[in-house]
Amino acid sequence: MDQSQPLKLNIGCWDLLLPGWENLDAPHNTLDGVKHWSWNERLPYGDGSVGLILIQHVLMYCRSENYVRNLSECRRVLRPEGRILVKEDNDLVWIWRKMGTKHKTGTVLSHTNLDLMKKDLIEAKFSIISSDWKEIVGRYGDIINRQRKL
């Protein structure tokens, strides 16, 4: 990895391995190129060493009472100007994601919608810059689309 560029973390990568990124997922993921990491563990990176973190469709596997702890760990490794991109379904709309439901990669442990998560993001020292999906897709493109495999 080019050390002149800040690290980029793809947390909960599943099968979307992004080139040039550190792709992290739970130990059950045996794909080559995946580093094992689970919620509530310390991220294996130094303070302020990461420029961008992508969390996409994986917060549902973290208990909501642990959101602040895990988001604060993301904040620890981010550079001061770093960004975290969180893309989750609004489970108040997508009701198939009921608590306790067994999913492909685990059991749904928490709700994922901005209204419920906003206080946790703020407590973990994040500012919400945008929740406009069109703006975010325009800026970050394919990295925030799980449907496309690179």
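Trainee: Is Pro27 buried, partly exposed or exposed?
Mentor: This is a predicted model, where local features need pLDDT of at least 70, side-chain atom pairs count only at pLDDT 80 or more, and totals for chains, interfaces and linings use all residues. Numbering starts from 1 along each chain as its sequence is written, and side-chain values use heavy atoms, with hydrogens and water left out. Buried means under 20% relative accessible area, exposed over 50%, with partly exposed in between (1.4 Å probe, protein chains only). Pro27 comes in at 48%, so call it partly exposed.

Trainee: How far apart are the C-alpha atoms of Pro27 and Ser38?
Mentor: Pro27 sits in the loop between strand S2 (22-25) and strand S3 (34-36); helices (H or I, at least four residues) and strands (E, at least two) are DSSP runs numbered from the N terminus. Ser38 is 11 residues away along the chain, but the C-alpha separation is 7.5 Å.

Trainee: Which helix holds Leu114?
Mentor: Leu114 has a relative accessible area of 31%, so this one is partly exposed too. Its place is in residues 114-123, helix H2.

Trainee: How does H1 lie relative to H2?
Mentor: H1 (residues 67-77) packs on H2 at about 45°, axes 8 Å apart. Axes are lines fitted to C-alpha atoms, for helices over the stretch in contact, and angles run from 0 to 180 degrees between N-to-C directions. Under 35 degrees is roughly parallel, over 145 roughly antiparallel, 65 to 115 roughly perpendicular and the rest oblique. That makes H1, relative to H2, oblique.

Trainee: What percentage of the protein chain is buried?
Mentor: The chain has 3 helices and 7 strands, in the order β-β-β-β-α-β-β-β-α-α. Of its 150 residues, the buried share is 43%.
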